[in-house]
Amino acid sequence: MTLKAVDAFIRALAAANPNAESELIYNNTFELLVSVVLSAQATDVSVNKATRALYERAPDAKSMASLGEDAIGEYIRTIGLWRSKAKNVALLSEQLLTLYNGDVPSDREALEALPGVGRKTANVVMNVAFGADTMAVDTHIFRIGNRTGLAPGKTTRQVEDGLVKRIPKDLLRQAHHWLILHGRYICKARRPECWHCTATTWCTYPDKTHDTSKAG
């Protein structure tokens with residue numbers, strides 16, 4: 001996809017969903033961080049269901065650390081990999097208290113040093129909470145980057161670097177949300193719903209689909 005096409009593609013997604021934002025439910029930066037950690041290999045819907053009660057009990061690093069790994073685990077048992085995630089949430093809460101007085105740091109190096117926080121999670125927190133022009137590449141964005149021709153790559157980092165380089169800077173921060181939601185609801189893994197896509201004109205995917213429900 002040419003740079004001109006990339007610009008048009010992203011602007012088409014923006015026009016279709018101008019107020020796109022994270023579907024995770026949170027009240028502060030700490031809750032956002034925990035929710036993103038919990039969302040690895042889990043849906044936002046499942047995370048939101050589990051964290052509603054958890055955040056009523058522990059909305060900050062101090063209360064979460066006091067809650068402890070075992071009790072955290074009881075709240076998030078419905079989420080995949082809940083045991084390791086409970087351990088990470090307890091540990092990162094303790095580290096936030098020790099190193100940052102309970103606050104969530106805004107820089108990548110500090111975030112990625114926290115238990116359970118990788119590059120994707122750091123990118124989300126930096127983007128959503130601190131307004132950084134980052135691109136968190138999950139399975140949806142990795143698929144879109146390759147399928148559409150926006151930013152092909154064999155690894156998530158290659159796709160991330162390609163998107164950061166090719167998407168106009170003034171659109172980059174919001175593009176994170178536009179692309180995730182587009183992949184979640186339109187450009188789906190098994191069968192993209194190309195007939196619902198407002199950016200199909202610029203997409204280079206050769207096997208575009210049609211609405212079979214109207215056939216005959």
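Which pattern does the protein follow, read along the sequence? The pattern is α-α-α-α-α-α-α-α-α-α. This is a predicted model, where local features need pLDDT of at least 70, side-chain atom pairs count only at pLDDT 80 or more, and totals for chains, interfaces and linings use all residues. Residues are numbered from 1 along each chain as its sequence is written, and side-chain values use heavy atoms, with hydrogens and water left out.

**View 1. The fold has ten helices and zero strands.** Helices (H or I, at least four residues) and strands (E, at least two) are DSSP runs, numbered from the N terminus. The C-alpha trace spans about 60 × 40 × 30 Å along its principal axes.

View 2. Of the 216 residues, 49% count as buried. Buried means under 20% relative accessible area, exposed over 50%, and partly exposed in between (1.4 Å probe, protein chains only). Contact means heavy atoms within 4.5 Å. Among contacts with a separation of 6 or more, 57% join residues 24 or more positions apart.

**View 3. Surface and charge.** The protein exposes about 11100 Å², and carbon and sulfur atoms supply 51% of it. Accessible areas come from the Shrake-Rupley method with a 1.4 Å probe; for residues, only the protein chains shown count as cover. There are 27 positive and 23 negative side chains, and the centres of the two sets lie 8 Å apart. Lys and Arg count as positive and Asp and Glu as negative; His and the chain ends are not counted. A charge is placed at NZ of Lys, CZ of Arg, CG of Asp or CD of Glu.

**View 4. Cysteines without a disulfide.** The structure holds zero disulfides. A disulfide is a pair of cysteine sulfur atoms within 2.5 Å. Cys-197 is in none; its nearest cysteine sulfur, in Cys-203, is 6.5 Å away. For Cys-187, the closest cysteine sulfur is also that of Cys-203, at 6.4 Å, too far for a bond. Cys-187 is buried at 7% relative accessibility. Cys-197 is buried too, with a relative accessible area of 15%.

**View 5. Asp-44 in helix H3.** Helix H3 covers residues 44-57. Asp-44 is buried, because its relative accessible area is 13%. Leaving aside residues up to four places away in sequence, Asp-44 touches Glu-23, Leu-24, Ser-39 and Arg-184.
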